[in-house]
Amino acid sequence: MSATRGFVPAHVATAQRVREVSGDVSHRQGALFMGEQFDYDVIIVGCGVGGHGAALHARSEGLKTAVFSGRDVGGTCVNRGCVPSKALLAASGRVREMKDAHHLKALGISVEGDITYDRASVAAHAANLANKVKGNLENSLKALGVEVIEAKGVLAGPHKVMGDGKVFTAKDIILAPGSLPFVPPGVTCDEKTVFTSDGGLRLERVPEYVAIIGSGYIGLEFSDVYTALGSEVTFIEAMDRIMPTFDPEIARVAERLLIKPRAIDYRTGVFASKVTPGIPGEKPVTIEMIDAKTKELVEVLEVDACMVATGRVPNTKELGLEEMGVETFRGFVQVDENMRVLTKPETEGGEVVPNLYCIGDANGKLMLAHAASAQGVSAIENIKGRKHAVDHNTVPAACFTHPEVAFVGLSEEQAKAKGEKEGFKVGKSIGHFRANSKALAEGEPDGIAKVVVNKDTGDLLGVHIIGLHAADLIQECANAMAAKTPVSELAMMVHTHPTLCEVLDEAFKGAVGRTAH
Ligand SMILES: Cc1cc2nc3c(=O)[nH]c(=O)nc-3n(C[C@H](O)[C@H](O)[C@H](O)COP(=O)(O)OP(=O)(O)OC[C@H]3O[C@@H](n4cnc5c(N)ncnc54)[C@H](O)[C@@H]3O)c2cc1C
């Protein structure tokens, strides 16, 4: 990267002059590195969960830290993602539960009269929670002495970030700018009748009939919310099966539990090629669908609303990367396993850019909140000179539908392909919620936990769960995978009775040829 070290673009030179004239950096004193004095030890650009996680760890390591927040502390997760979506899922899940007279009756409960909800209050629950969590994040940063700079940060050369017309310097810089919803070509979003998750989370109305483009975890969670609140849903999925990112066996159970009993239908193998917004109560949204292979028009759907849940793109434009000689790949900043930014993809001979890191959604390694935060911690470890790499194969993922779906590691298909290539045998074992006392006590006996193992070594290769509290259950498996605990040892571990964890106990024991009951 020596080629970029001496580079001083025009806007940087201007900014440097601003700084010299204003002289406003005298109060800041940071690291001394190779004879250079910096304002901070580390500057973090972006204050989502990734940036926040990095900042907290930086402070615990005694580093003088500043975060550029772009006036959006909490980022996607807190303001437009995990937090408000889980609030909507919690409220709408209660509505579904209370409307399920059959289920309640089985527990000896009857509810008189209609179950109603107030849309605005449900929406306010989500918005208030997001604000509260955002406030907590802000307070934690302040309490730890992290300087929060409200401006947007732009790279202004090695060790330099510019914001609000000033240049700030740091020995190390971490980019954590996150991601934005992806809107495919041909789709016009008015964020009223055609919207991404950003608009959907505001729950400005509950449409009678809504199409959801994409059946990944975001689309699926929204289908859970909408059907609980009374909407009908049609999924439009480009792949030839619904929920294509799930292990196929889990997707089949998910279809039985999350799709078939609900007011949901779907089209697969089709693209929504043109989506035109409507006018609520007057004109429907129209969706033209083409065959994913032949590209021929197959159907035009008219709906009240359309949610676009087709994935997310990195928010890496206008970060000053090009000026630093950094090429992105489809917008994703390329990093090595230590989160160090590369000039281009590793496969194309990308070289490490000294003292520059990128974490979270923007590097595309694993677009999840806890992965972003773990990468932030890892970047700081590396900055401190302790080589560290996040093991992304053991990071769990969850979809917070009712019931939840969660997994870690390889699907059975992927494990078999790996086994064939590397010459090992793959085994699987299933634990059932219907055989679990706690699940039966809750009246929630649906679901399975599937454990996929390397039969030769006993290593866990993947675990896939659909059932009550799957998102909590998966953690035991992720920890076991990270600790490389073989299934023979897991099968000997004692699980609390009666808990849902015993579903896993059954699966672990089954994997070594024993029975749990
Ligand atoms: C509807 C929805 C539900 C989700 N649910 C879950 C879930 O249940 N579990 C889960 O693990 N993940 C979930 N996610 C994904 C999760 O939100 C992201 O993986 C996570 O937010 C990524 O964190 P990040 O720090 O990389 O980026 P972000 O959270 O996107 O934060 C980046 C921040 O940087 C700011 N920024 C960008 N450029 C600059 C700049 N130049 N200067 C200053 N600031 C800048 C942005 O405005 C933003 O505030 C969900 C996402 C969505 C959309």
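How many helices and strands does the chain have? In this predicted model, the count comes to 16 helices and 25 strands. The radius of gyration is 25 Å, close to the 24 Å that the globule rule gives for 517 residues, so the chain is as compact as a globular protein of that length.

On burial, 48% of the 517 residues count as buried. As for contacts between residues at least 6 apart in sequence, 66% join residues at least 24 apart.

Now let's zoom in on one helix, α3, which covers residues 49-60. The buried set runs through Val49, Gly50, Gly51, His52, Gly53, Ala54, Ala55, Leu56, His57 and Ala58.

What do those buried residues of α3 pack against? Here are the partners:

| Element packed against by buried α3 residues | Residues |
|---|---|
| β3 | 40-45 |
| β4 | 65-68 |
| α4 | 75-80 |
| α7 | 119-143 |
| β8 | 166-175 |
| α11 | 369-383 |

Just after α3, glycine 62 takes a positive phi of about 75°.

Key
Residues numbered from 1 in each chain as written. Predicted model: local features only at pLDDT ≥ 70, side-chain atom pairs only at ≥ 80, totals over all residues. Helix = DSSP H or I, 4+ residues; strand = E, 2+ residues; numbered from the N terminus. Rg over C-alpha atoms; globule rule 2.2 N^0.38 Å. Buried ≥ 20, exposed ≤ 12 C-beta atoms within 10 Å, placed from the backbone. Contact = placed C-beta atoms within 7 Å. Expected span 1.5 Å × (residues − 1).
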